[in-house]
Amino acid sequence: MAEFSLSDLEKIVSDRAHSGDPDSWTAKLFARGIEKAAQKLGEEAVETVIAAVKSDKQGLVSESADLIYHWLVVLSIAGVPLDDVLKELEGRTGRSGMAEKASRPKG
């Protein structure tokens with residue numbers, strides 16, 4: 001199986017977003033805007049949690065794929081490149097999770 005990355009999916013999302021294809025779910029989400037895309041992201045997050053709690057491994061795989069896809073759509077609509085998120089994560093790896101959380105601004 002060839003390697004498939006989040007960067008590959010980010011490019012697919014971008015290409016489909018501007019395709020004008022009336023049958024493209026991605027194009028429809030972009031046309032409907034950040035509110036609808038964020039709503040779908042939230043729905044997929046809840047469905048992912050439910051699958052995890054139920055120990056439904058196949059459901060967790062499927063819902064996780066939906067969650068990641070909708071997350072990338074939201075990032076794209078908001079103009080946030082995946083690289084920005086990856087750099088943020090990379091910057092957090094040099095310290096413990098507890099120290100990183102404590103360093104965040106309160107509020």
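This is a predicted model: local features need pLDDT of at least 70, side-chain atom pairs count only at pLDDT 80 or more; totals for chains, interfaces and linings use all residues.

Colleague: Which residues of helix 2 are buried?

Modeller: They are T26, A27, L29 and F30. Looking down the axis of helix 2, you find these buried residues within an arc of 160°, so they line one face of the helix. A31 and R32, on the other side of helix 2, are exposed.

Colleague: Now the packing itself. At what angle do helix 1 and helix 2 pack?

Modeller: To read a helix pair, take the angle and the distance between the axes, then ask who makes the contact. For helix 1 and helix 2 the angle is about 70°, and the axes are 8 Å apart. An angle of 65 to 115 degrees counts as roughly perpendicular, so that is how helix 1 sits relative to helix 2. Helix 1 brings V13, R16 and A17 to the contact, while helix 2 brings T26, A27 and F30. By type, the residues of this contact are four nonpolar, one polar and one charged.

Colleague: And how do the axes of helix 2 and helix 4 cross?

Modeller: Helix 2 (residues 25–32) and helix 4 (residues 57–78) cross at roughly 45°, with axes that come within 11 Å. The two helices are therefore oblique to each other, and their crossing is right-handed. From helix 2, W25, T26, L29 and F30 take part in the contact; from helix 4 it is Y69, H70, V73, S76 and I77. Sorted by type, the residues between helix 2 and helix 4 are six nonpolar, three polar and no charged.

Colleague: What about the loops? Where does S55 lie?

Modeller: S55 is in the loop between helix 3 and helix 4. With a relative accessible area of 60%, S55 is exposed. Its backbone deserves a look too. Most residues other than glycine have a negative phi. S55 has a positive phi, near 55°, and is a residue other than glycine.

Colleague: And where is the place of G94?

Modeller: G94 is in the loop between helix 5 (82–92) and helix 6 (97–103). Its relative accessible area is 76%, so G94 is exposed.

Colleague: Stepping back, how many helices and strands does the protein chain have?

Modeller: It comes to six helices and zero strands, with the pattern α-α-α-α-α-α along the sequence. The C-alpha atoms fill a box of roughly 45 × 35 × 35 Å along the principal axes.

Colleague: What percentage of the residues count as buried?

Modeller: Of the 107 residues in the protein chain, 24% do. For contacts, look at how far apart the partners are in sequence. Among contacts with a separation of 6 or more, 53% involve residues 24 or more positions apart.

Note on methods
Residues are numbered from 1 along each chain as its sequence is written. Side-chain values use heavy atoms; hydrogens and water are left out. Axes are lines fitted to C-alpha atoms, for helices over the stretch in contact, and angles run from 0 to 180 degrees between N-to-C directions. Helices (H or I, at least four residues) and strands (E, at least two) are DSSP runs, numbered from the N terminus. Angles under 35 degrees count as roughly parallel, over 145 as roughly antiparallel, 65 to 115 as roughly perpendicular and the rest as oblique. A crossing is left-handed if the near helix is turned anticlockwise from the far one by less than a right angle, and right-handed if clockwise. Contact means heavy atoms within 4.5 Å. Ala, Val, Leu, Ile, Met, Phe, Trp, Tyr, Cys and Pro count as nonpolar, Asp, Glu, Lys and Arg as charged, and the others, Gly among them, as polar. Buried means under 20% relative accessible area, exposed over 50%, partly exposed in between (1.4 Å probe, protein chains only). The arc is that of the directions from the helix axis to the C-beta atoms.
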